[in-house]
Amino acid sequence: MAYESARDLPSYLELERQLKVVRFLGRSNRKLAGAIRLQLREFGDTVDAFYDLFGGKHWIFHDQLPLEPVRTIVANAGEDVDGAERKLIELYHDAESLPFMILPLRKLPAMRRRLTLVERARQDYFAGRYYATVQVLLSVMDGFVNEFESVRRGLHARAPEELQAWDSVVGHHRGLQHAHKTFTKGRTATLEEPVYELYRNGIVHGSILNYDNLTVATKAWNRLFAVADWAAARLKEQEHQSKEPATLSSVGRQLKELTSTGLRQAEINRVNEKWKPCRHLPGSDTFNVHPAHTQTRELLNCWMRRNYGSLSDLLTHDLHIRHGKSARSEVRRAYDPFRLSAFEILSIHHDMAAACTVTATLDHGSSATTEVELRWVREDDQSYPTPEPWPGKWRLVTWDPRCYLGRITPPRPGKAPH
């Protein structure tokens with residue numbers, strides 16, 4: 001059953017219950033509990049208002065949407081739903097914010113295998129190739145859902161009731177299940193007029209022809225993140241069913257953990273909000289000493305020397321979580337076909353407190369060179385973006401060279417390397 005309101009989510013109700021027993025945990029926590037209660041109320045109001053405004057256009061509130069900007073959009077919308085929709089699209093069509101939304105997808109193994117395609121879709125999206133973005137993300141969603149569960153059926157073959165999301169904002173009655181009815185709507189007659197909905201069946205089967213626009217492409221991103229939340233909710237539901245009943249002491253521990261996590265995240269959010277993007281260029285005092293410059297130089301030197309063991313140590317922690325002891329073998333298989341003979345680091349765009357993009361020219365020999373963008377993120381040991389002063393290390397997150405080498409292809413056996 002879908003949730004009528006965000007206030008009906010089990011975690012929302014449970015947190016309300018926990019806050020009611022905070023009086024047993026000492027006076028020092030009561031003020032903090034009041035602040036948490038206010039944030040909880042604002043969260044519920046924002047999610048419900050979002051669906052009241054955008055549910056008819058089949059937008060889905062998902063965990064990667066930034067709460068404060070969404071709250072502002074909803075509060076200022078008035079009767080101008082189309083104007084509010086354009087502002088919502090701007091949250092996605094931002095070269096600095098979309099990669100941040102994509103990062104958590106790595107936590108789902110079946111999605112990790114498709115991140116090369118997701119990265120290509122991101123490049124197409126900002127290049128204005130919206131038709132390609134839509135087609136690629138539709139294939140990613142179908143393949144991901146087909147692999148995620150033992151029931152081998154893609155997203156397009158699922159009934160709306162199969163997309164119930166336990167304890168998730170995408171499980172709202174105007175969320176994923178509601179939007180799925182247009183996703184799978186069939187169409188046999190050819191339609192040449194522009195469409196602004198994500199009609200998966202008509203698009204994939206070629207009966208809807210005019211879907212090459214920013215709105216449909218952005219709805220494809222919105223649906224991808226919602227589907228990832230649905231998958232995470234399924235896993236969370238299984239974990240919840242295996243837990244023991246709560247006791248007063250366990251509630252106390254949970255509230256303490258929640259408080260600690262909430263305070264840390266609030267501090268990180270404040271760092272991110274105050275961060276001012278900056279660009280470091282050759283010749284500046286900050287260019288050579290920037291940690292991303294150091295990491296990039298080390299990574300590319302390792303690549304030139306074909307030292308894939310040391311190279312793997314510079315790649316996202318998620319790679320090592322996924323492959324364990326075989327991570328170095330995976331890196332060798334990915335990098336060895338692409339030889340590197342020289343490189344030059346051109347710039348560093350430090351756009352987020354815990355993320356930056358390094359632009360470099362790679363020389364592959366035989367007059368083959370490419371200009372690439374290497375995305376570095378400062379990660380903790382759970383591969384979550386973490387700015388200073390919290391413990392973390394700069395790592396390359398888009399680590400597969402096929403994601404950023406573009407048209408450079410590995411040589412065929414017996415041929416000279418590019």
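Predicted model: local features only at pLDDT ≥ 70, side-chain atom pairs only at ≥ 80, totals over all residues.
A disulfide is taken here as a pair of cysteine sulfur atoms within 2.5 Å.

View 1. Cys356 is in no disulfide, because the nearest cysteine sulfur, that of Cys278, is 9.2 Å away, whereas the rule asks for a pair within 2.5 Å. Cys356 has a relative accessibility of 0% and therefore counts as buried; Cys302 is likewise buried, with a relative accessible area of 2%.

**View 2. The open, antiparallel sheet of five strands.** The strands follow the order β1-β2-β3-β4-β5 and pair in the antiparallel sense. At the edges stand β1 (278-280) and β5 (393-396), each of which pairs on one side only, and from one strand to the next the twist averages 25 degrees. Strands of a sheet pair through backbone hydrogen bonds, in either a parallel or an antiparallel manner.

**View 3. The pairing of β3 with β4, and the helix that packs on the sheet.** Strand β3, residues 355-363, and strand β4, residues 369-379, are joined in the antiparallel sense over nine bridges, and Thr359 stands opposite Glu373 in β4. Helix α13 (residues 291-305) packs on the sheet, where it touches β2 (342-352), β3, β4 and β5, and the direction of α13 makes about 145 degrees with that of β2.

**View 4. The buried side of helix α3.** In helix α3, which comprises residues 67-75, the buried residues are Val70, Ile73 and Val74. These residues lie on the same side of α3, because they cover an arc of only 95 degrees around the axis. An α-helix has 3.6 residues a turn, so residues three or four places apart point the same way.

**View 5. Asp167 in the loop between α8 and α9.** Asp167 belongs to the loop that lies between α8 (130-148) and α9 (176-183). With a relative accessible area of 8%, Asp167 is buried, because the limit for that class is under 20%. When its neighbours within four places in sequence are left aside, Asp167 is in contact with Tyr3, Leu9, Pro10, Ser11 and Lys236.

Methods: Residues numbered from 1 in each chain as written. Heavy atoms only, no water. Helix = DSSP H or I, 4+ residues; strand = E, 2+ residues; numbered from the N terminus. Buried < 20%, exposed > 50% of the residue type's maximum accessible area, 1.4 Å probe, protein only. Contact = heavy atoms within 4.5 Å. Pairing = 2+ DSSP bridges. Axes fitted to C-alpha atoms, helices over the stretch in contact; angles between N-to-C directions. Arc of directions from axis to C-beta.
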